[in-house]
Amino acid sequence: MHTRKIGERTVQLLIRGEPIPEGLYHIVVEVLAVHQDGSVLLARRDYNKGGYPGLWETSAGGLVQRGEEPETAARRELREETGLAANVLQPIFTDISQDSIYMGYLCFISAKKDSVVLQPGETVEYLWADKEEFIKIYNSEEYTSALSKLIRLVVRRNRTFTFRN
């Protein structure tokens with residue numbers, strides 16, 4: 001558990017599924033993976049997932065575990081959910097909600113596109129989308145809205161996030 005100040009940990013343990021006490025937060029990391037050719041990794045969430053089943057998302061991510069640093073958690077989540085390794089993670093956003101601190105990272109990938117390995121129970125399909133395909137899916141009802149506002153801000157503000165034709 002963390003206080004509103006990122007990095008300020010508490011000794012209080014949270015049991016998954018139980019409410020988070022007021023004034024405390026868990027940290028959620030998200031990794032936006034962009035291939036060296038400019039395409040963006042999209043993954044279709046498992047149809048049995050509780051939140052946004054069967055929808056496309058642009059990130060690998062999850063909760064920071066006890067004692068883990070956010071960047072370490074981002075690397076772990078990317079590896080677990082895609083099989084890809086991040087050489088460099090660039091922080092791109094931090095957003096605080098009622099009980100969560102969301103930390104986003106941008107990762108450029110040079111691995112072969114077919115080297116993605118999906119994590120059972122998390123995702124069922126992946127796609128490296130070029131700019132046009134990404135925009136089409138992003139604007140459709142097949143895209144999870146959970147982080148869409150933040151991804152839109154990243155695309156607009158982050159000069160290093162570019163699509164190449």
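**Reading side-chain pairs in a predicted model**

Q: Where is His-35 found?
A: This is a predicted model, and His-35 is found in strand S1, residues 26–35.

Q: Is His-35 buried or exposed?
A: Buried means under 20% relative accessible area. His-35 has 7% relative accessibility, so His-35 counts as buried. Leaving aside neighbours within four places in sequence, its contacts include Lys-113 and Trp-128.

Q: How do I read a salt bridge, for example the one Lys-113 forms?
A: Side chains of opposite charge can pair when their charged atoms come close. Here Lys-113 pairs with Asp-37, with the closest N and O atoms 2.5 Å apart. Lys-113 sits in the loop between strands S6 and S7 and Asp-37 in the loop between S1 and S2, so the bridge ties together parts 76 residues apart in sequence.

Q: Which residue forms a salt bridge with Arg-44?
A: That is Glu-142, with a closest N to O distance of 3.1 Å. Arg-44 lies in strand S2 and Glu-142 in the loop between helices H2 and H3, so this pair ties together parts 98 residues apart in sequence. Arg-44 is buried at 10% relative accessible area, while Glu-142 is partly exposed at 40%.

Q: And how do I read a ring pair, such as Tyr-138 and Tyr-143?
A: Planes under 30 degrees apart count as stacked, over 60 as edge-to-face and the rest as tilted. The count comes to 2 aromatic pairs. For Tyr-138 and Tyr-143, the ring centres are 5.0 Å apart and the planes stand at 50°, so the pair is tilted. Ring pairs link these two tyrosines and Phe-134 into a cluster.

Note on methods
Residues numbered from 1 in each chain as written. Predicted model: local features only at pLDDT ≥ 70, side-chain atom pairs only at ≥ 80, totals over all residues. Heavy atoms only, no water. Phe/Tyr/Trp six-rings, centres within 6.5 Å; stacked < 30°, edge-to-face > 60°. Helix = DSSP H or I, 4+ residues; strand = E, 2+ residues; numbered from the N terminus. Buried < 20%, exposed > 50% of the residue type's maximum accessible area, 1.4 Å probe, protein only. Contact = heavy atoms within 4.5 Å. Salt bridge = Lys/Arg side-chain N within 4 Å of Asp/Glu carboxyl O.
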